[in-house]
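I opened the structure to see what I could look up in it. My entries follow the order in which I checked things.

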Amino acid sequence: MPIYEYKCTDCNKVFEMFFKSYSSSKTPECTFCESSQVSKIISSVTFNVKSNSDAGYFSDSSNIGKHVEQSFSKHGLEMPDSVRKNIDNARKGKMPKGLDI
Ligand SMILES: [Zn+2]
């Protein structure tokens, strides 16, 4: 069950969305103001080591994916092997291929 984090561009709040599957076409809506003007932020937080805003944080490769790990443990979910593998690869400098982010 993928968990994505979004930022609402209307009220600037960050919220998480659960999807039943990776192919889900559910449109994310802000849980605070119900705006659909949201942007997915998990990609920049998780995998984009070249992220400009958090360059210092992500120059330490062990921080890559930490947020995802915390999201899973926070919700008491077991991290799927595929996610685990993507994070491990990202930490080794290999960006996952075909990732829908
Ligand atoms: Zn909002």
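I started at helix α4, residues 81-91, where Asn-86, Ile-87 and Ala-90 are buried. Buried means that 20 or more other C-beta atoms lie within 10 Å of a residue's own; 12 or fewer is exposed, in between is partly exposed, and C-beta atoms are placed from the backbone. Seen down the axis of α4, the buried residues fall within an arc of 95°, so they line one face of the helix. The arc is that of the directions from the helix axis to the C-beta atoms.

I noted that the model is predicted: local features need pLDDT of at least 70, side-chain atom pairs count only at pLDDT 80 or more, and totals for chains, interfaces and linings use all residues. Residues are numbered from 1 along each chain as its sequence is written.

I turned to the other side of α4, where Asp-81 and Lys-85 are exposed. The buried residues of α4 pack against α3 (66-74). Contact here means C-beta atoms, placed from the backbone, within 7 Å. Just after α4, Gly-93 has a positive phi of about 90°.

Next I looked up Phe-15, in strand β2 (residues 14-18). Helices (H or I, at least four residues) and strands (E, at least two) are DSSP runs, numbered from the N terminus. Phe-15 is partly exposed, with 16 other C-beta atoms within 10 Å. Leaving out residues up to four places away in sequence, Phe-15 touches Tyr-6, Cys-30, Thr-31 and Phe-32.

Last, I listed the elements of the protein, which run β-β-β-α-α-α-α from the N terminus. Buried residues make up 14% of its 101 residues.

Methods: Contact = placed C-beta atoms within 7 Å.
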